[in-house]
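Please take a moment to look over the sequence and the structure below before reading on. The paragraphs that follow lead from single pairings to whole chains.

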Amino acid sequence: MRTAERPSAAHRGAHLADRLFTVMAWGCGLLGILLPASVVAFLLVDGTRALSWRFLTDRPRGFPLGSAGGIGPAIQGSLALVGIGLAVALPLALGGAIWLSELRPDRRSSHLLRFLVECLAAVPSVVYGLFGYAFFVVFLRFGISLLAGGLVLAAVMFPILLVSAQEALAAVGPEVREAALALGVDHTYVVKRVLLRRAWAGLLAGVVLAVGHAVGSAAPILFTATVYFRDGGLGLREPVMTLPTHLYFLVAEAISTDQAFGTALVLVLALLVFNAAALALRRIGAHP
Amino acid sequence: MNGSTAQALAPVEIAFEVEDLHVHYGGAPVLRGVSLAVEESSILAILGPSGCGKSTLLRVLNRTLELVPDARTARGRASFRGQDLHDRTLDPRLLRKRVGLIPQRPTAFPMSISENVLFGVRFHGHWRGRRPLDLAAEVLARAGLLEEVKDRLREPAARLSVGQLQRLCIARALANEPEALLLDEPSSALDPVSTLRIEETLRQLARDMPIVLVTHHVAQARRVADGVAVFIDGRVAAMGTPEEAMGPGTDPRVLDFVEGRSA
Amino acid sequence: MHGLGPPLSSRDRLGWGLCLVGATAGALFLALTAAFVTREAAAGWHGIDGLAGFLWRDAWSPLASPPTLGVGHALRSTAMLAVTSLAVAIPLGIGIGIFASEVAPAPVRAVLQPSLELLAGIPAVVYGFFGYVTVVRGLEGGFGMVSGECLLAAAAILALMVVPFIASTSAEALRAVPQDLRDAALSLGATRSHVIRRVVLRRATPGLFAAGALGLARALSETLAVLMLCGNAVAPPGSLLDRGQPITALLATELGESAAGTPKYAALYGAGLLLLLVALSINAGIWVLRRRALAHAHG
């Protein structure tokens with residue numbers, strides 16, 4: 001056996017380097033698992049104290065306002081904003097994904113469109129805030145409102161929705177399209193009855209991811225939709241409270257760390273639910 | 001052949017006629033001058049090694065070739081009962097309904113067994129007063145699948161076995177009330193029993209319509225086909241009754257294929 | 001792989017028309033964004049002392065008389081934040097990428113993947129709060145700083161935020177390197193670390209650059225977390241322990257307090273335009289690198 005002979009110094013060095021490399025790689029990998037776990041654990045430990053049914057439903061109270069009470073209106077506002085954004089972005093993104101995946105335009109135009117979609121995803125969220133303020137709030141006179149913020153969030157969600165929908169449709173094998181078209185039906189029928197149904201899990205996973213991202217994003221809506229306090233229902237032309245901006249105000253104005261812990265935990269728990277749902281849906285999508 | 005006198009007396013009617021057909025995929029020739037005819041109420045088996053253009057011919061006959069992005073008919077003619085298949089004004093939907101194609105990989109659509117069968121009917125609307133479940137059952141019976149699935153017509157079709165799925169695809173095509181059937185290797189993934197069942201179904205269907213069957217099983221062609229065309233490299237190397245086309249006097253490359261010396 | 005072919009009915013043509021609206025909506029929105037940000041910057045630009053004054057010569061003092069509107073301090077803060085956070089995040093992120101693609105056993109990878117997605121998904125504002133109660137308080141308590149809000153605190157959290165993006169992009173680049181290349185090198189008797197360093201990493205270089213560029217883009221455009229941690233001071237920072245105000249924080253702080261059409265408003269939109277242009281150029285670079293990475297891996 002060769003290896004039983006005295007190994008050369010170079011050989012020993014290579015062996016040592018291999019060991020070191022493996023240890024470092026495992027170190028990085030474990031950090032990658034421990035970092036998110038510890039952030040979540042940290043918020044859980046101090047946040048659960050603040051969490052209660054009352055916290056989730058009551059309006060902010062106390063002096064300074066927000067140091068007691070709950071985050072009910074912020075949850076409402078966040079849901080309404082994301083709902084409007086989704087209602088605008090989903091049909092457009094789905095149409096775009098179907099166009100790119102099913103009509104198969106020539107390579108050039110499909111590459112160009114995909115590039116533009118990725119550019120849209122690369123626009124810094126604070127720039128969307130600037131744009132939304134100048135265009136929706138000032139130019140179109142929507143004011144700081146649910147409507148203006150919802151439209152800005154639509155732009156934030158659109159690229160996520162489009163890319164995931166395109167992937168979900170591409171995962172449906174070509175033989176399915178052929179089998180359907182060979183029966184003499186038209187595209188509309190194939191898309192509605194076969195493709196969208198086959199791809200539903202992947203499509204829904206994309207929706208969940210986009211919603212999860214939009215719920216937590218504050219920069220685009222800070223100047224377009226939100227105020228520090230508001231209670232008393234929603235109106236399209238009225239401003240709203242939202243979870244991320246509420247958390248920002250609580251910290252920036254040093255109002256209450258306890259309430260901030262509770263709000264942060266609600267955001268992270270929502271994210272955990274969204275991510276788990278997306279994971280499960282993608283599993284279903286892979287084995288329909 | 002026993003029936004030769006009777007055949008000579010009745011005029012032979014031609015369903016599909018293909019003349020000097022050339023098809024290219026992105027410049028590479030796949031069919032290089034194919035001429036053949038398919039008679040009414042008969043089964044023509046197309047044999048040949050893989051990649052010889054068998055499936056391409058089926059795509060031409062039901063106008064699904066245009067789904068392949070860079071495929072192009074370079075030259076030649078193809079017609080079904082006198083209708084030019086390359087006619088630009090011909091509506092592909094109507095032709096595809098008249099000429100049913102059962103693709104190689106059996107595919108379940110994401111819906112129930114009965115809705116799979118009625119997929120085309122719901123689009124084309126040829127109900128003629130029949131109730132959906134009755135129609136589905138009738139067609140499934142013709143495809144030889146009804147006995148196995150009659151208690152679960154509303155269950156998802158994805159739960160069927162491959163052999164059952166293959167017959168579901170035949171039923172789906174039959175529900176369209178086609179005037180001809182094209183099948184692309186219908187028994188490539190099947191056990192011997194299922195294969196025999198499908199062949200039996202095909203023999204019954206061939207009483208009413210012309211059938212083109214692409215296969216690479218020589219034995220299957222001998223069992224079911226009235227005529228055989230052997231494709232080698234995009235050309236018809238031999239054609240006729242199974243005995244003529246694959247008998248001792250035929251093209252040596254065909255003999256190589258028949259006796260398993262080429263893939 | 002092919003699509004549905006030419007349209008088959010009039011409702012198909014209508015459907016494709018509607019789908020095309022969706023496909024071009026993104027392009028339209030992008031154009032509208034660029035146009036409006038530029039328009040607002042141009043409208044009040046006369047009140048700004050030229051490009052040089054704007055970019056580095058002038059201080060940010062909109063209330064002085066006459067007011068001066070320079071964003072040099074913000075550019076400096078942004079640069080210091082990006083360099084510091086990436087100095088940590090790129091090695092760690094690529095390390096995680098190597099682990100995920102080359103070393104990790106399947107069950108570990110099955111945990112790592114969703115963990116990184118979680119790390120990438122936590123909202124910036126939550127990171128800001130997390131950094132506030134850990135890093136900022138730690139600096140105040142442990143190091144006796146009067147105020148723990150500083151560029152270092154922001155950079156530490158920013159590094160944590162961009163790591164998952166670098167990790168997943170570099171893992172993707174490494175996985176695109178063909179397996180037979182590794183097998184060939186391993187069969188020659190090279191150790192695994194040698195093969196990864198000399199063969200795999202080299203082959204995946206364009207993709208790794210793309211991962212770094214993506215990290216840079218995220219670091220430059222991150223807003224809420226750095227806003228909450230950097231201290232928001234308009235003096236040019238001297239060291240990482242000073243307070244600072246990166247561009248995104250400047251925008252978020254000042255926009256609410258400036259009237260449309262004023263020079264201050266124009267200066268903010270000018271800074272936003274700069275940020276937009278940088279982000280889009282980096283994105284174009286990533287696009288090119290990624291396509292090259294895939295072409296290399298398959299070629």
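This is a predicted model: local features need pLDDT of at least 70, side-chain atom pairs count only at pLDDT 80 or more; totals for chains, interfaces and linings use all residues.

In β2(B), which residue is the bridge partner of B:Leu21? The bridge partner of B:Leu21 in β2(B) is B:Val34, and in the same way B:His22 has B:Arg32 as its bridge partner in that strand. Residues are numbered from 1 along each chain as its sequence is written, chains are lettered from A and ligands numbered from 1 in the order in which they are written, and side-chain values use heavy atoms, with hydrogens and water left out.

Strands of a sheet pair through backbone hydrogen bonds, either parallel or antiparallel. With 2 residues between them, β1(B) and β2(B) form a hairpin, and in its turn B:Gly26 has a positive phi of about 50°.

Which backbone angle of B:Asp20 is near 50°, a positive value in a residue other than glycine? The angle is phi, and B:Asp20 is found in strand β1 of chain B. B:Asp20 is partly exposed, with a relative accessible area of 32%; for these classes, buried means under 20% relative accessible area, exposed means over 50%, and partly exposed lies in between, using a 1.4 Å probe and protein chains only. B:Ser41, a residue other than glycine, likewise has a positive phi near 50°, but B:Ser41 lies in the loop between β2 and β3 (43-47) of chain B. At 38% relative accessibility, B:Ser41 counts as partly exposed.

We turn next to peptide bonds in chains A and C. In chain A, the peptide bond from A:Phe63 to A:Pro64 is cis, with omega near -5°, and A:Pro64 sits in the loop between β1 (60-61) and β2 (68-69) of that chain. In chain C, the cis peptide bond runs from C:Ser65 to C:Pro66, with omega near -5°, and C:Pro66 is found in the loop between β1 (60-61) and β2 (68-69) of chain C.

How are the chains divided into domains? The bounds come from an automatic or database domain assignment, which divides chain A into domain 1 (2-47) and domain 2 (73-286). The centres of these two domains of chain A, taken over C-alpha atoms, are separated by 38 Å, and 6 residues of domain 1 are in contact with 6 residues of domain 2 in chain A, where contact means heavy atoms within 4.5 Å. For chain C the assignment gives domain 1 (10-43) and domain 2 (46-297), with 29 Å between their centres, again over C-alpha atoms. In chain C, 6 residues of domain 1 are in contact with 8 residues of domain 2.

Chain C as a whole contains 12 helices and 2 strands, and along the sequence its pattern reads α-α-β-β-α-α-α-α-α-α-α-α-α-α. The C-alpha trace of chain C spans about 75 × 65 × 30 Å along its principal axes, and buried residues make up 53% of the 299 residues in the chain. Among contacts in chain C between residues at least 6 apart in sequence, 70% join residues at least 24 apart.

Finally, C:Gly261 has its place in the loop between α11 (247-254) and α12 (263-298) of chain C. C:Gly261 is partly exposed, with a relative accessible area of 41%, and its C-alpha atom is separated by 56 Å from that of C:Val199, a residue 62 residues apart from C:Gly261 along the chain.

Note on methods:
Two strands pair if DSSP finds at least two bridges between them. Helices (H or I, at least four residues) and strands (E, at least two) are DSSP runs, numbered from the N terminus.
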